[in-house]
Amino acid sequence: FDMASGKPIANAEIRIEIYKTPENVYAKAAAGTGDKDGRFEVANIPGGHARVNAAAPGYAPRMIGYEEFKDGESRKLTIELSKSVKLSGIVTDGNGTPLAGIVVRTSNTMGIDGRGYQLPEAPQTKTDDTGHFTINDLPTGYGQMWTYATGFFQQDGLKLHKFPTDAPLTIQMVATGVIKG
């Protein structure tokens, strides 16, 4: 269902994924697609531990959780998805100078209901030569932004940001020093 309106989402894909080693990735084991009323069925789920993901066009993907499936077992799930938004901004130093090559990622994402909205993969990017970044497929809601690079520390790292923001986000970092003893 659409988190904001409560209306069904047609064509949502529900994926059951199994962790594969030594590749260290999740791979699709089974999937189902929702109808116009948002109802779906996922058949032929292999037994064992898996993660459940949901995605639909125009919506941020969501990791629903980790489940253990047994042969012949059925479950009823009610899933809410939030509209997808992009977040753009710039990373600067303490003097306002743009910083290139800074890793930027989101953390602790929440939907508009204030509850956790875990993404299947952690969105991450690097700032370009002008210090700008864009992260796509975030849920409408809230989250924290983390930046890191050797020799810098992010100010206000615990601040909760609204997604989407009203204006491009500015994240300030300060240079760190070395203590010798």
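Contact here means heavy atoms within 4.5 Å. The structure is a predicted model, in which local features need pLDDT of at least 70, side-chain atom pairs count only at pLDDT 80 or more, and totals for chains, interfaces and linings use all residues. Residues are numbered from 1 along each chain as its sequence is written, and side-chain values use heavy atoms, with hydrogens and water left out.

Start with the fold. The chain has 12 strands and 0 helices. Both kinds of element are DSSP runs numbered from the N terminus: helices are H or I with at least four residues, strands are E with at least two. Read along the sequence, the pattern is β-β-β-β-β-β-β-β-β-β-β-β. Along the principal axes, the C-alpha atoms fill a box of roughly 65 × 40 × 25 Å. Of the contacts with a separation of 6 or more, 58% join residues 24 or more positions apart. Of the 181 residues, 36% count as buried. Buried means under 20% relative accessible area, exposed means over 50%, and partly exposed lies in between, with a 1.4 Å probe and protein chains only.

Now go to strand β3, residues 48–55, where Asn53 lies. Why does Asn53 count as buried? Its relative accessibility is 5%, so Asn53 falls in the buried class. The side chain of Asn53 makes a polar contact with the side chain of Glu17, at 2.7 Å. A polar contact is a pair of N or O atoms within 3.5 Å; within protein, one must be able to donate a hydrogen and the other to accept it, and residues adjacent in sequence count only if both atoms are side-chain atoms. Leaving aside neighbours within four places in sequence, Asn53 is in contact with Glu13, Ile14, Arg15, Glu17, Arg62, Met63, Ile64 and Pro120.

Pro120 also touches Pro61, a residue in the loop between β3 and β4. Other contacts of Pro61, not counting residues up to four places away in sequence, include Ala54, Ala55, Tyr117 and Asp137. Pro61 is partly exposed because its relative accessibility is 24%. Pro61 and Gln144 are 83 residues apart in sequence and 18 Å apart in space, C-alpha to C-alpha.

Next, the rings. Rings of Phe, Tyr and Trp (its six-membered ring) pair if their centres lie within 6.5 Å; planes under 30 degrees apart count as stacked, over 60 as edge-to-face and the rest as tilted. The count by this rule is 1 aromatic pair. Tyr19 and Tyr26 form that pair, edge-to-face, with 5.1 Å centre to centre and 65° between the planes. Tyr19 is partly exposed at 40% relative accessibility. Tyr26 is partly exposed at 29%. Arg51 lies over the face of Tyr26, at 4.0 Å from the ring centre. For a charge to sit over a ring, NZ of Lys or CZ of Arg must be within 6 Å of the ring centre and within 35 degrees of the ring normal.

Strand β9, residues 141–148, holds Tyr142. Tyr142 is partly exposed, with a relative accessible area of 32%. Among its contacts beyond four places in sequence are Asn108, Ile112, Leu160 and Phe163. The C-alpha atoms of Tyr142 and Glu17 are separated by 26 Å, and the two residues are 125 apart along the chain.

Phe163 also takes part in a cis peptide bond, joined to Pro164, with omega about -5°. Pro164 is in the loop between β11 (160–163) and β12 (169–175). Another cis peptide bond joins Thr21 and Pro22, with omega about 5°. Pro22 is in the loop between β1 and β2 (25–33).

Most residues other than glycine have a negative phi, and most peptide bonds are trans. Asn11 has a positive phi of about 65°. Asn11 is in the segment before β1 and is exposed, at 51% relative accessibility. Asp156 has a positive phi near 55°. Asp156 is in the loop between β10 (152–154) and β11 and is exposed, at 58%.
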